[in-house]
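This report describes a predicted model. It takes up helix packing, the surroundings of a ligand, and a handful of individual residues in turn.

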Amino acid sequence: MITLAFYERRNGSVEIPFRERRIASRRMRSGAYSPERRRLISPERFQGRKTSETTAPIRINFELTPDQKALRDSVRAFTQREIVPVAAYYDRTGEFPWEVVRKAFDLGLFTNYIPKKYGGGGLGVFETAIATEEIAAGCMAMGTSIMINVLGTAPLLLAGTEEQKGRILIPYCRQLTLVSFCFTEPDAGSDPSRISTHADFKGDHYILNGSKCFITNGGVADYYVVFATLDKNKGTKGLTAFLTPSDSEGIKTGKILNKMGQRASNTAEIFFEDVKIPIENRIGAEGEGYKIALQSISKSRINVAAGSVGIARTAMEHALRHAQKRVQFNQSLANFQYVQFRLADMATQIEAARFLAWRAAWAHDQGYRYGKESSMAKDFNGDVVMKVTSEALDLLGGYGYSKDYPMEKLMRDAKLMQIYEGPSPIHKTIIYRELAKEYGF
Ligand SMILES: Cc1cc2nc3c(=O)[nH]c(=O)nc-3n(C[C@H](O)[C@H](O)[C@H](O)COP(=O)(O)OP(=O)(O)OC[C@H]3O[C@@H](n4cnc5c(N)ncnc54)[C@H](O)[C@@H]3O)c2cc1C
């Protein structure tokens with residue numbers, strides 16, 4: 001059908017077949033579309049807007065490349081060998097899984113996405129999403145502790161100078177280094193204009209004071225990327241990003257959050273008292289912090305979306321196996337059509353969630369705008385993983401509710417996927433804003 005998509009594509013780099021072009025323009029001229037529709041699909045409305053929809057070439061291929069399959073298989077094998085056997089232990093104790101983290105570093109999971117010139121693997125967000133799904137299928141808490149480094153290093157990759165990248169990222173690729181992203185504060189969650197951690201410029205350095213909360217890998221990280229205001233009256237325009245070693249004088253770790261789920265990931269309060277930050281550790285220009293944070297989180301949300309797919313997939317697999325084995329009313333549960341339909345719905349939602357995550361990752365890696373796609377994936381997949389884990393637990397009946405089975409952990413871990421890196425209203429706001437732009441409103 002030749003409708004809006006035709007005009008969207010026409011603004012991109014895609015060759016539209018001659019016949020399609022002729023029919024669509026004839027329809028426009030002949031008044032086959034209502035005036036409102038003509039206005040809506042007018043090519044001028046999309047001029048200058050490069051979204052993945054308006055510019056993406058139509059070269060769809062749902063098959064992973066041999067390298068991507070090899071990556072997926074090696075991370076899947078790693079997860080089965082190193083993560084699954086110890087996931088319940090770390091969940092119970094809340095200890096930080098150092099051993100797993102070290103092995104994950106050796107496998108390249110901390111550095112795959114860093115450009116080759118700094119010693120990384122030079123892979124894209126798409127490959128990171130593939131790896132995250134696999135780790136999350138074993139334990140999302142460990143996935144969070146590993147993948148938070150993608151967020152922690154994003155400000156450097158996006159806005160760091162060559163000197164900073166060389167100084168930090170080359171050693172980062174050589175030995176295990178944890179980098180935390182310190183944005184949230186007790187009074188500033190979804191609303192970053194309330195950030196009150198402040199930095200005062202003192203000639204050749206800054207002095208940082210304030211506190212952050214809910215910091216993943218807080219207390220175990222080697223570096224903190226801290227977002228602080230230089231002038232609170234400027235709101236988000238006053239924010240600036242700084243990098244500081246975690247052992248700098250004046251940095252203290254506060255309370256470790258006693259969490260409902262994802263208990264193997266450390267989440268802590270961090271206090272900064274007169275912390276001296278040399279000017280060469282400022283990332284980007286003064287006042288650019290908010291933009292840097294938004295771009296970093298937008299990229300990292302794709303991993304969160306992929307993580308949701310991993311948790312949901314494992315929950316569905318447990319439910320499927322249980323339904324096949326469990327006999328009630330002289331037949332396996334899987335014989336009941338109602339049970340089949342519930343499993344079918346889970347599988348469909350998981351597939352849709354994976355494609356949303358992959359599409360956002362693909363748009364990022366191809367250089368298209370991806371903010372809307374990233375928020376769609378994060379928001380939708382957070383709901384999918386909650387629905388699927390709840391349904392799957394239900395299919396295990398009383399066993400699902402028992403700590404002797406993995407379902408309750410999956411459901412507890414899933415809840416965080418809706419909360420961190422922005423709750424739902426934030427994503428719906430981003431999606432609507434982009435939508436309105438695309439349609440020229
Ligand atoms: C385990 C964990 C790890 C985390 N790791 C990190 C980290 O490494 N670094 C970091 O900086 N932060 C981290 N966070 C913080 C996380 O990103 C925030 O918790 C999240 O952004 C939400 O902020 P908040 O908790 O202050 O909730 P609030 O912003 O107070 O939101 C509370 C409720 O209000 C709703 N709400 C908010 N705004 C609106 C609105 N405009 N319209 C309608 N409803 C709204 C929300 O949907 C939510 O239901 C982590 C949090 C947790 C729990």
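## Packing around helix H10

At what angle do helix H10 and helix H12 pack, and how far apart are their axes? Helix H10, which covers residues 289–325, packs against helix H12, residues 371–395, at an angle of about 20 degrees, and their axes lie 8 Å apart. Because angles under 35 degrees count as roughly parallel, H10 and H12 are roughly parallel to each other. The crossing of these two helices, H10 and H12, is left-handed, and the contact of H10 with H12 comprises, by class, 16 nonpolar, ten polar and two charged residues.

H10 also has a packing relation with helix H11, which spans residues 337–365: the axes of H10 and H11 come within 9 Å and cross at roughly 160 degrees. Since an angle over 145 degrees counts as roughly antiparallel, H10 and H11 are roughly antiparallel to each other. The crossing of H10 and H11 is left-handed.

## The shell around the ligand

The ligand is surrounded by 21 residues, of which the closest are Phe183, Gly189, Ser190, Thr216 and Pro423. The elements that contribute two or more residues to this shell are strand E1 (179–182), strand E3 (205–216), helix H14 (407–419) and helix H15 (424–438).

By class, the shell around the ligand consists of eleven nonpolar, eight polar and two charged residues. At least three residues of the shell are drawn from each of two domains, namely domain 2 (180–288) and domain 3 (291–438).

## Residues with a positive phi

Asparagine 217 has a positive phi of about 65 degrees, although this residue is not a glycine. Asparagine 217 belongs to the loop between E3 and strand E4, the latter covering residues 223–229. Is asparagine 217 buried or exposed? Asparagine 217 counts as buried because it has 26 C-beta neighbours inside 10 Å, where 20 or more are required.

Phenylalanine 329, likewise not a glycine, has a positive phi of about 55 degrees, and it sits in the loop between strand E9 (327–328) and strand E10 (331–332). With 8 other C-beta atoms within 10 Å, phenylalanine 329 is exposed, because residues with 12 or fewer such atoms fall in that class.

## Helix residues and their partners along the chain

Serine 424 has its place in helix H15 and is partly exposed, since 15 other C-beta atoms lie within 10 Å. The C-alpha atom of serine 424 is separated by 8.6 Å from that of glycine 382, although the two residues are 42 residues apart along the chain.

Arginine 72 is placed in helix H5, which runs over residues 66–93, and counts as partly exposed with 16 C-beta neighbours inside 10 Å. Between arginine 72 and isoleucine 135 there are 9.8 Å in space, C-alpha to C-alpha, while in sequence they are 63 residues apart. Isoleucine 170, for its part, is found in helix H9 (residues 162–174) and is partly exposed, having 14 other C-beta atoms within 10 Å. Isoleucine 170 and glycine 119 are 51 residues apart in sequence, and their C-alpha atoms are 6.0 Å apart in space.

Notes:
Residues are numbered from 1 along each chain as its sequence is written. This is a predicted model: local features need pLDDT of at least 70, side-chain atom pairs count only at pLDDT 80 or more; totals for chains, interfaces and linings use all residues. A residue is near a molecule or strand if its C-beta atom, placed from the backbone, lies within 6 Å of it. Helices (H or I, at least four residues) and strands (E, at least two) are DSSP runs, numbered from the N terminus. Ala, Val, Leu, Ile, Met, Phe, Trp, Tyr, Cys and Pro count as nonpolar, Asp, Glu, Lys and Arg as charged, and the others, Gly among them, as polar. Domain bounds come from an automatic or database domain assignment. Axes are lines fitted to C-alpha atoms, for helices over the stretch in contact, and angles run from 0 to 180 degrees between N-to-C directions. Angles under 35 degrees count as roughly parallel, over 145 as roughly antiparallel, 65 to 115 as roughly perpendicular and the rest as oblique. A crossing is left-handed if the near helix is turned anticlockwise from the far one by less than a right angle, and right-handed if clockwise.
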